[in-house]
Amino acid sequence: MTTTEEPVTGSSLIPTLPGSAYVDPAVFDAECERIFEDMWFCAARESDLPKPGSFRTVQVGRESILISRSRRGEVRAFYNVCRHRGARICTEDAGERARSFQCPYHAWTYDFDGKLIAAPNLTKMPDIDRVEYGLRRVHVRTWLGYVWVSLADAPPSFEATVQQEVVDRLGTLDNIAGYDVANLSVGRRIVYDVAANWKLIVENFMECYHCATIHPELTEVLPEFADGLAAQYFVNHGAEFGEDVSGFTIDGSEGFGVIPGLEEDRDRKYYAITVKPQVFVNLVPDHVIFHRMYPMAADRTVVECDWLYLPDVVESGRDVTASVELFHRVNQQDFEACERTQPAMSSKLYAAGGVLVPSEHHISEFHEWVTHKLTPTGG
Amino acid sequence: MTTTEEPVTGSSLIPTLPGSAYVDPAVFDAECERIFEDMWFCAARESDLPKPGSFRTVQVGRESILISRSRRGEVRAFYNVCRHRGARICTEDAGERARSFQCPYHAWTYDFDGKLIAAPNLTKMPDIDRVEYGLRRVHVRTWLGYVWVSLADAPPSFEATVQQEVVDRLGTLDNIAGYDVANLSVGRRIVYDVAANWKLIVENFMECYHCATIHPELTEVLPEFADGLAAQYFVNHGAEFGEDVSGFTIDGSEGFGVIPGLEEDRDRKYYAITVKPQVFVNLVPDHVIFHRMYPMAADRTVVECDWLYLPDVVESGRDVTASVELFHRVNQQDFEACERTQPAMSSKLYAAGGVLVPSEHHISEFHEWVTHKLTPTGG
Amino acid sequence: MTTTEEPVTGSSLIPTLPGSAYVDPAVFDAECERIFEDMWFCAARESDLPKPGSFRTVQVGRESILISRSRRGEVRAFYNVCRHRGARICTEDAGERARSFQCPYHAWTYDFDGKLIAAPNLTKMPDIDRVEYGLRRVHVRTWLGYVWVSLADAPPSFEATVQQEVVDRLGTLDNIAGYDVANLSVGRRIVYDVAANWKLIVENFMECYHCATIHPELTEVLPEFADGLAAQYFVNHGAEFGEDVSGFTIDGSEGFGVIPGLEEDRDRKYYAITVKPQVFVNLVPDHVIFHRMYPMAADRTVVECDWLYLPDVVESGRDVTASVELFHRVNQQDFEACERTQPAMSSKLYAAGGVLVPSEHHISEFHEWVTHKLTPTGG
């Protein structure tokens with residue numbers, strides 16, 4: 001649905017998903033299997049892996065994935081499971097290895113491409129194929145400076161899924177190109193541990209009917225949000241800064257220089273994109289806010305949020321607090337609302353779900369998408 | 001069974017419920033559905049709601065219930081779930097709202113009768129019925145100064161259930177009337193979080209075979225309890241204070257004045273009533289001890305206990321410690337015993353349950369009642 | 001398999017159990033029923049029960065077992081469940097009773113043979129058989145100074161199970177007799193709470209392929225372990241101390257005097273025995289290290305480890321730190337490896353399990369044994 005104005009006919013209220021979709025561990029397992037472990041999943045920032053042997057470990061669906069960089073600088077991702085007896089190769093969230101990944105249990109040793117290169121008595125076991133018993137690789141793509149992985153044997157088209165979500169929102173990929181997201185630097189990263197189902201967080205991000213109630217700072221900067229229509233209700237709609245607002249900051253004070261190459265008509269606008277299943281992007285003239293969700297359980301989601309700036313802003317050590325603080329408060333306000341909503345998902349009063357008002361009707365597409373993904377023949 | 005003397009024939013031992021009844025989450029779910037969410041459930045003291053907009057939130061079965069008072073002073077109870085997207089309306093245990101209940105997520109606003117009175121853009125959604133989309137009410141009765149709720153569509157008769165329990169124990173309702181429980185004041189409230197199934201707590205309250213072992217202070221005050229027969233083993237039996245005992249206090253010292261209007265023969269007696277499924281009442285000449293259980297899980301029960309005194313005792317700030325301390329110790333002793341019993345409920349040695357001795361035989365009626373409630377055709 | 005040299009034909013790699021065997025609560029329940037609650041389970045050191053009324057409570061499978069000593073000094077073991085209403089008789093891990101076991105709830109009182117000897121009003125209940133309603137006893141054997149219990153109605157042969165495991169490893173029971181394990185004294189006891197399945201701990205103990213990687217101190221003392229073959233890979237093989245090593249201590253310094261009666265060729269050797277399902281024994285010239293596992297859940301195992309010395313070593317207060325520290329570090333290193341392995345057991349990459357290299361092939365026998373025990377007709 002690419003609505004450009006409010007629906008005027010039909011019922012104001014349409015139903016949400018049933019409450020069980022947000023609490024049932026079996027639903028969460030199915031979502032892991034058919035969504036997070038099957039689609040492209042945005043797992044890490046490329047700059048988290050500055051050189052060969054740098055690594056991050058992240059939770060993708062129910063799996064621990066080890067992301068690193070090969071000797072030739074290519075990003076690689078592996079199941080974080082030793083092929084011998086299953087020990088975790090790396091238990092830290094992030095780190096660096098000098099030469100190889102060595103399992104700390106029996107010293108099975110893998111190069112940065114995952115190949116098994118050494119193990120005690122390995123030479124006496126000539127029938128062990130060093131690629132077959134190498135770390136099991138998963139598919140990797142990089143885009144916008146992020147590493148996206150897919151645990152599927154045959155991943156879906158990156159273009160038809162991840163990139164199409166941006167096209168659906170902004171009209172064309174060109175409309176994000178000007179932000180040069182891949183070359184921005186991480187000025188701040190905040191990790192939130194949210195006691196709520198990931199779908200509540202997606203739904204929250206998709207609508208602005210709550211903005212007037214819980215986001216006083218945001219609606220100050222973006223006055224049209226007080227009316228309740230999210231930027232992403234429309235195609236390629238940028239919410240305009242308020243008249244007295246100089247920048248996308250907690251107090252409306254000036255930000256940093258506009259990202260070079262950005263079309264002029266974007267220099268006072270805010271855009272928001274949901275890239276299903278677990279990424280939210282906010283574009284403003286001088287920075288980009290990039291959220292990745294890591295769903296951990298039916299009632300728990302970790303959200304890692306990066307504030308990305310022009311490299312010279314970060315390198316020069318300029319104070320990014322005024323802009324970080326704005327969306328950090330928005331995040332806190334949103335996640336508190338989601339945590340307040342989670343407990344009622346198991347109420348019998350919510351067994352058939354709640355309702356969406358017109359400015360939320362587009363969330364219904366998300367619900368249909370989830371339902372379709374979980375339908376055995378739906379894929 | 002309204003026994004007035006010990007059975008002298010038949011077996012001394014009759015079986016309890018099987019151990020699984022105390023640990024199986026499926027049994028607990030069934031109890032929530034067919035007992036706590038279906039019967040009358042004593043949820044709050046009326047005086048917890050001093051004026052319109054005062055509220056308490058409590059757990060009734062698996063549901064959070066919001067109890068409040070309307071503009072006209074009537075007690076109302078609602079599912080604590082916003083009709084829009086399910087957020088909890090109130091998250092505090094108790095509090096006060098000046099004008100309405102407003103959901104903090106999207107500002108759907110309900111009056112104290114539950115009617116939807118405002119929401120962003122509500123006027124543009126004329127098809128929303130403000131009563132249908134009001135807070136969902138549950139049935140309310142007040143008696144003895146307490147608010148009793150029923151989540152059933154068609155609640156059982158209050159008279160034939162709650163009040164009949166009192167009749168079964170005391171003979172007539174008149175026999176509780178003299179205590180004027182509704183007009184007493186809360187002198188002390190203590191909340192206990194007990195790691196035991198609610199039925200263990202009921203069984204404990206029903207029998208006094210344990211009194212000599214674990215309640216030295218209580219048997220000092222009520223010597224006949226040392227023989228093991230609970231007051232509620234009989235109809236309208238009051239346990240007599242010991243000769244040297246002046247009042248129902250930790251040291252037998254004098255209490256406060258006898259509640260006016262009480263029959264004279266009750267001025268040195270203790271009565272106990274179990275109002276299934278979750279209320280215990282103790283009546284003594286100068287105060288009333290009123291327990292409400294909130295079953296939280298198969299192995300966890302919150303007990304809220306009020307010590308009620310004549311209003312002038314509380315208003316004048318007289319020290320109620322000596323009387324509170326007596327039953328507070330009894331509670332601690334009892335709940336420790338229940339917590340010690342809970343772990344063995346899953347032993348294979350307890351698969352078929354334990355045994356009831358003659359002075360506990362009346363607990364069997366409780367077991368039959370529970371079993372009957374959980375039998376699909378039992379109602 | 002009683003291999004004396006490495007296999008030279010066939011595949012180097014054979015599969016382990018599937019990952020689900022280490023995480024599925026239903027598998028753990030089946031293991032409790034068919035292994036821990038059915039076989040002989042090593043529960044306590046006899047010296048933990050110095051006199052009549054001394055007791056220990058331990059977890060055997062899913063049951064709490066109370067182990068004590070009768071008036072005549074015989075070891076007795078009971079379900080730790082009162083026959084009346086199921087309260088735990090003793091809640092402490094260890095203690096002492098002067099005259100009887102009295103349930104603290106209703107004072108049902110049992111003698112140290114478990115017979116019901118007193119209860120309130122017991123004389124008025126003549127139909128209660130005091131043996132039938134005594135504490136339910138479980139089978140007991142003592143060997144090597146330890147109390148072994150079986151919860152089975154008809155326990156397996158102690159000789160054909162527990163003792164045969166020692167024969168399988170050492171060739172004959174005579175080969176353990178010289179250590180006089182029953183008469184050694186506990187010099188140190190350390191309890192470990194390990195977040196791993198019990199089978200990972202057994203597998204770890206059975207192989208030494210990991211020794212070079214994680215046990216630097218151990219391989220310093222026993223240089224052949226650096227090659228990866230565990231002592232228990234062979235029958236009656238003792239790993240020889242290194243040339244510069246004087247004793248089985250953290251720094252190779254001298255230990256205490258050799259246990260009298262030990263064959264001379266054992267005075268610089270280390271032996272290791274796995275007694276399925278939950279005991280590990282290490283024999284060195286001057287002490288014995290005895291591990292008992294208490295499996296608590298699919299992902300949690302408590303390990304109690306005793307360092308046993310000649311009585312005069314302990315009585316004289318000699319410092320046992322140098323020898324305790326060596327295997328304590330080994331334990332810490334091993335349990336950390338097991339905890340690192342547990343999380344991947346639920347990975348889809350480990351659904352079919354991992355692989356065993358030749359020096360681990362004998363673990364496959366353990367896997368076959370477990371599988372056989374859990375096969376309904378397997379017994």
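Modeller: A salt bridge is here a side-chain nitrogen of Lys or Arg lying within 4 Å of a carboxyl oxygen of Asp or Glu. The structure is a predicted model, and a search of the whole of it finds 78 salt bridges over all chains.

One of these pairs is formed by Arg85(B) and Glu360(A), whose closest N and O atoms are 2.6 Å apart. Residues count as buried under 20% relative accessible area. Arg85(B), at 4%, is therefore buried. Glu360(A), with a relative accessible area of 0%, is buried as well.

A second pair lies within chain A. The side chains of Arg189(A) and Asp306(A) meet in a salt bridge with an N to O distance of 2.6 Å. This pair links distant parts of the chain: Arg189(A) is in strand β12 (residues 185-194) and Asp306(A) in strand β17 (residues 300-309) of chain A, 117 residues apart.

In chain C, the side chains of Asp29(C) and Arg62(C) form a salt bridge at 3.8 Å, N to O. Here too the pair links distant parts of the chain, with Asp29(C) in helix α1 (residues 25-36) and Arg62(C) in the loop between β3 (54-60) and β4 (63-69) of chain C, 33 residues apart. Asp29(C) has a relative accessible area of 36% and so is partly exposed; Arg62(C), at 35%, is likewise partly exposed. Returning to chain A, salt bridges that share partners join Asp48(A), Arg56(A), Arg189(A), Arg292(A), Glu304(A) and Asp306(A) into one network.

Glu240(A), Glu264(A), Asp265(A) and Asp267(A) form a negative surface patch. Of these, Glu240(A) lies in strand β13 (residues 239-240) of chain A. Glu240(A) is partly exposed because its relative accessible area is 40%.

Trp198(C) is placed in helix α4 (residues 198-206) of chain C, and its relative accessible area is 0%, so Trp198(C) is buried. Not counting residues up to four places away in sequence, the contacts of Trp198(C) include Phe28(C), Glu31(C), Ile35(C), Phe36(C), Trp369(C) and Val370(C). Trp198(C) and Ser316(C), by contrast, are 36 Å apart in space, C-alpha to C-alpha, and 118 residues apart in sequence.

The other residue, Asn331(C), is in helix α8 (residues 321-341) of chain C. Asn331(C) is buried because its relative accessible area is 2%. Leaving aside residues up to four places away in sequence, Asn331(C) touches Tyr192(C), His291(C), Cys305(C) and Trp307(C).

Definitions and conventions. Residues are numbered from 1 along each chain as its sequence is written. Chains are lettered from A and ligands numbered from 1 in the order in which they are written. This is a predicted model: local features need pLDDT of at least 70, side-chain atom pairs count only at pLDDT 80 or more; totals for chains, interfaces and linings use all residues. Side-chain values use heavy atoms; hydrogens and water are left out. Helices (H or I, at least four residues) and strands (E, at least two) are DSSP runs, numbered from the N terminus. Buried means under 20% relative accessible area, exposed over 50%, partly exposed in between (1.4 Å probe, protein chains only). Contact means heavy atoms within 4.5 Å. Patches are made of residues with over 30% relative accessible area and no salt bridge: like charges are joined within 9 Å, nonpolar side chains (Val, Leu, Ile, Met, Phe, Trp, Tyr) within 5 Å. Accessible areas come from the Shrake-Rupley method with a 1.4 Å probe; for residues, only the protein chains shown count as cover. Lys and Arg count as positive and Asp and Glu as negative; His and the chain ends are not counted. The place of a charge is taken as NZ of Lys, CZ of Arg, CG of Asp or CD of Glu.
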